Amino acid sequence: MSPINNSNSLTDTIAEKMVLQIKNVDLTYQTDKQVVTALKNINLQIKEGSFVCVLGPSGCGKTTLLRILAGFHQATSGEVLLDNKPISPKPDRHRGVVFQQQMLYPWLNIEDNVGFGLKMRKVPMKERREIIDHYLEMVGLSQFKKAKSYELSGGMKQRASIARVLANDPRIVLMDEPFGALDAMTKEQMQDNIRQIWRETHKTIFFITHDVEEALLLGTHIIVLSSRPGRIIKEIHSDLPYKIQEGKSRMYRGDPDFVKKREEIISLISLQH
Ligand SMILES: Nc1ncnc2c1ncn2[C@@H]1O[C@H](COP(=O)(O)OP(=O)(O)OP(=O)(O)O)[C@@H](O)[C@H]1O
Ligand SMILES: [Mg+2]
């Protein structure tokens with residue numbers, strides 16, 4: 001085989017392992033009053049099993065990008081491929097979304113919320129029960145399966161939302177500031193929980209946050225966007241999330257390399273304001 005053919009087949013193999021590819025994506029909102037370009041020329045290749053954290057100033061287009069990936073908006077130009085196929089412009093269980101404010105159905109108990117998508121897909125009852133129990137255990141809510149959402153704390157509701165998304169076995173989990181409304185201690189526990197889930201399930205996660213430390217403690221791939229129109233201005237690869245042991249993230253916050261990266265990202269974002 002010629003060296004040229006060799007390199008082509010290597011490129012193909014790399015492309016195959018990419019679960020999500022964002023190519024030259026622009027998004028412009030057109031309302032009655034104004035035209036707003038939210039995203040400009042976004043290019044991103046997301047490898048299977050990555051934990052991608054997206055940072056950027058408020059209003060730079062983070063949620064807009066997530067909404068494109070979820071299928072709620074269509075890019076004005078460019079394309080988004082999931083497993084090498086263009087994504088359908090509608091919500092899909094293969095692209096599960098966890099929002100900042102949980103969206104549990106208040107009339108259903110927690111197990112029925114988690115099993116909702118499975119029931120819609122007519123997954124047999126026995127299998128459904130097994131899947132629900134598995135993910136409720138993973139998020140530490142087994143004892144609350146009969147509770148209604150109003151009986152749970154904020155953190156517990158987020159755990160239930162995560163279990164509901166995972167029960168649908170998505171190809172990618174999209175999270176928009178899922179821990180943004182939680183107190184510091186709960187947030188740290190939730191970070192431990194999602195890191196553990198990511199390690200166990202090998203899911204690909206796309207996670208938006210305002211919190212630079214959170215991005216560094218969770219992300220294998222950290223993306224920083226410019227102010228609007230959002231463009232990628234920095235990409236950082238990290239193996240820290242593979243190393244952190246449960247309950248031990250605090251000891252990394254003072255690490256010189258961690259502090260250096262944090263300061264670098266903070267100054268980059270503040271330059272955008
Ligand atoms: N449906 C919409 N119609 C028109 N403009 C919109 C719409 N949604 C968002 N925008 C505008 O697009 C820009 C990007 O918004 P977006 O919500 O994606 O930002 P963000 O980075 O998620 O901000 P934050 O960090 O505050 O959540 C903003 O200027 C916003 O006003
Ligand atoms: Mg947002």
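User: How do the residues of the shell around ligand 1 divide into nonpolar, polar and charged?

Analyst: The model is a predicted one. The shell around ligand 1 holds 13 residues, and Ser58, Gly59, Lys62, Thr63 and Thr64 come nearest. The division is three nonpolar, three charged and seven polar.

User: Which helix gives the largest share of the shell around ligand 1?

Analyst: The share is judged by how many shell residues an element supplies. Three residues come from one helix, spanning residues 62–70, and that is the largest share. The helix is α2.

User: How much of the accessible area of ligand 1 does the protein cover?

Analyst: Polar atoms of the protein lie close by: a side-chain atom of tyrosine 29 is 3.4 Å from a nitrogen atom of ligand 1, and a backbone atom of cysteine 60 is 3.2 Å from an oxygen atom of the ligand. An N or O atom in the side chain of threonine 64 is 2.5 Å from an oxygen atom of ligand 1. On its own, ligand 1 has 630 Å² of accessible area, and the protein covers 65%.

User: Which residue's side chain does the side chain of glutamate 213 join in a polar contact of 2.3 Å?

Analyst: Apart from neighbours within four places in sequence, glutamate 213 is in contact with Phe258, Arg262 and Arg253. The polar contact of 2.3 Å runs from the side chain of glutamate 213 to that of arginine 253.

Key
Residues are numbered from 1 along each chain as its sequence is written. Chains are lettered from A and ligands numbered from 1 in the order in which they are written. This is a predicted model: local features need pLDDT of at least 70, side-chain atom pairs count only at pLDDT 80 or more; totals for chains, interfaces and linings use all residues. Side-chain values use heavy atoms; hydrogens and water are left out. A polar contact is a pair of N or O atoms within 3.5 Å; within protein, one must be able to donate a hydrogen and the other to accept it, and residues adjacent in sequence count only if both atoms are side-chain atoms. Contact means heavy atoms within 4.5 Å. A residue is near a molecule or strand if one of its heavy atoms lies within 4 Å of it. Accessible areas come from the Shrake-Rupley method with a 1.4 Å probe; for residues, only the protein chains shown count as cover. Helices (H or I, at least four residues) and strands (E, at least two) are DSSP runs, numbered from the N terminus. Ala, Val, Leu, Ile, Met, Phe, Trp, Tyr, Cys and Pro count as nonpolar, Asp, Glu, Lys and Arg as charged, and the others, Gly among them, as polar.
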